[in-house]
Amino acid sequence: METLGSTSQICTDKTGTLTLNQMTAREIFLARRRFTVSGHGYTADGRIRSTDGRPPPDTLDEALTAMALCTDAVFRDEEEAAVVGDPTEAALVVPAEKGDIDVTALRRRRPRVAEVPFDADHRFMATFHRWTGDDGRPIVRCFVKGAPDVLAARATHYLGPDGVTALDPQERRHYDEANATLAGQGRRVLAVARKDFPDGFDGDGGSGGDVKELLDRIVLIALVGIVDPPRPEARQAIEQCREAGIRVRMITGDHAVTAAAIARDLGIPGRAVTGAELDLSAGDAGLARRLDDIGVVARVSPEHKLRIVGALQARGDVVAMTGDGVNDAPRAAQGGHRRRHGPDRDGGDQGSGDHGAHRRRLRHHRGSRQGRARHLRQHRQVHPLPGPARRASPSSPGNGSSASC
Ligand SMILES: Nc1ncnc2c1ncn2[C@@H]1O[C@H](COP(=O)(O)OP(=O)(O)OP(=O)(O)O)[C@@H](O)[C@H]1O
Ligand SMILES: [Cu+]
């Protein structure tokens with residue numbers, strides 16, 4: 001009789017769990033021109049340099065403006081070296097300051113008249129600001145930022161050296177290639193774009209409440225490559241899990257190429273696929289079988305993380321789930337959206353308690369002689385799976401399959 005699962009598996013988030021969630025923008029890509037961003041941490045020290053030696057175009061300012069306005073992170077000041085807010089957003093505000101934009105003054109001058117908050121399912125956010133069009137007349141300008149694939153799919157134009165230009169297949173290929181190159185280096189890539197609306201636009205525009213519908217035909221401005229270093233202790237923890245016969249799998253909302261590069265770096269074996277490629281509508285048994293040679297499932301929404309864990313558990317595997325996916329679960333179950341509030345000041349972990357817990361967990365991995373059961377029991381003690389998530393994920397009592405870490 002098989003009472004214990006045949007394998008133990010850990011499904012883990014990437015951002016903040018395997019990586020430090022200390023995000024720093026390193027490159028900006030603008031219509032075939034590339035810029036590097038130097039400097040460390042959340043200070044305005046550091047510079048934006050073009051890689052071709054030519055002076056930066058006006059469109060760089062436009063990109064930095066979009067990054068400053070379409071974010072909620074607040075830049076404190078140089079002495080404090082602090083940015084408060086989501087680390088991804090912090091990474092976008094810092095280059096604006098490095099590019100000599102006074103973000104606070106800019107935001108005061110261009111207040112938001114409406115916004116579409118970021119959510120992990122749609123993977124973008126948008127803000128609307130009173131603006132002046134090229135012809136001097138008042139308009140409302142919307143800035144959009146989010147996953148490059150999502151924005152590219154909505155874009156028909158890009159901001160080139162000659163202004164707004166049709167995004168022909170060749171130019172689209174340039175964006176795709178730049179995105180692939182950055183992602184291949186493990187960079188988290190964000191795109192920024194814009195769209196103009198008539199003066200008086202109130203953030204609804206007759207859309208009946210779904211402003212996202214109106215965000216088509218956008219103008220791509222730039223791609224930003226952000227580094228988020230792997231946690232130094234994560235590689236060893238993964239190695240020890242492997243020795244203990246525990247399969248570690250990364251399940252992330254980030255891009256597949258980015259996730260695969262980080263998985264490779266950390267020694268997570270197996271193929272990388274997107275949630276869409278995995279066909280999550282399949283039955284549990286088929287899904288679990290297909291997961292066997294897969295090490296990374298990317299572009300997964302919070303509720304689909306649960307679906308994957310559930311499929312493994314239904315087969316009798318002992319599955320632990322780590323990272324803020326654990327927190328996403330109840331909200332996903334309620335159809336809510338996640339907004340992650342990241343670290344304060346030094347990029348530490350105050351934003352969500354489970355990151356600190358994860359560090360403790362990674363430490364206990366070092367005692368790899370403890371048996372698998374004990375190992376998973378400890379995970380469970382660190383932070384139990386919340387109620388709704390437990391109900392959402394099938395588990396057989398007695399085999400510890402609802403363990404969470
Ligand atoms: N504040 C933001 N504004 C706009 N887009 C964002 C923002 N944060 C993330 N994104 C985009 O949404 C995608 C998914 O982000 P999400 O936070 O779900 O995943 P993640 O943190 O990379 O991964 P994990 O699931 O491992 O924690 C990112 O790859 C990025 O393109
Ligand atoms: Cu573990």
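Predicted model: local features only at pLDDT ≥ 70, side-chain atom pairs only at ≥ 80, totals over all residues.
Ala180 is found in helix α5, which spans residues 169–184.

Let me turn to a pair of strands. Strand β10, residues 155–160, and strand β11, residues 163–166, run antiparallel and are joined by four bridges. How many residues lie between β10 and β11 in the hairpin that they form? There are two. At Gly160, the residue standing opposite in β11 is Gly163.

Next, strand β12, which covers residues 188–198. Arg194 has its place in this strand. Arg194 counts as buried, because its relative accessibility is 8% and the limit for buried is under 20%. What does the side chain of Arg194 contact? Its partner is the side chain of Glu62, in a polar contact of 2.8 Å.

Strand β12 also brings us to the ligand. Which element gives the largest share of the shell around ligand 1? It is β12, with three residues. At least two shell residues each come from α2 (87–98), β9 (138–146) and β12. In terms of domains, at least three residues of the shell are drawn from domain 1, which comprises 2–17 and 230–404, and at least three from domain 2, which comprises 24–227.

There are 22 residues around ligand 1, and those that come nearest are Lys14, Arg188, Thr252, Asp254 and Lys305.

For Lys14, a polar backbone atom is 2.6 Å from an oxygen atom of ligand 1. For Asp254, by contrast, the atom concerned belongs to the side chain: a polar side-chain atom lies 2.7 Å from an oxygen atom of the ligand. Lys305 likewise places a polar side-chain atom 2.7 Å from an oxygen atom of ligand 1. How much of the surface of ligand 1 does the protein bury? Taken alone, the ligand exposes 620 Å², and the protein buries 99% of that.

Arg217 is not a glycine, yet it has a positive phi of about 50°. Arg217 lies in the loop between β12 and β13, the latter being residues 218–227. Arg299, also not a glycine, has a positive phi of about 50°. The loop that holds Arg299 runs between β16 (294–298) and α10 (302–314).

Are these two arginines buried or exposed? Arg217 is exposed, because its relative accessible area is 51% and the limit for exposed is over 50%. Arg299 is buried, because its relative accessible area is 16%, which is under 20%.

Conventions: Residues numbered from 1 in each chain as written. Chains lettered and ligands numbered in written order. Heavy atoms only, no water. Near = heavy atom within 4 Å. Polar contact = N/O pair within 3.5 Å; in protein donor to acceptor, adjacent residues only side chain to side chain. Areas by Shrake-Rupley, 256 points an atom, 1.4 Å probe, with all protein chains shown as cover. Domains from an automatic or database assignment. Buried < 20%, exposed > 50% of the residue type's maximum accessible area, 1.4 Å probe, protein only. Pairing = 2+ DSSP bridges.
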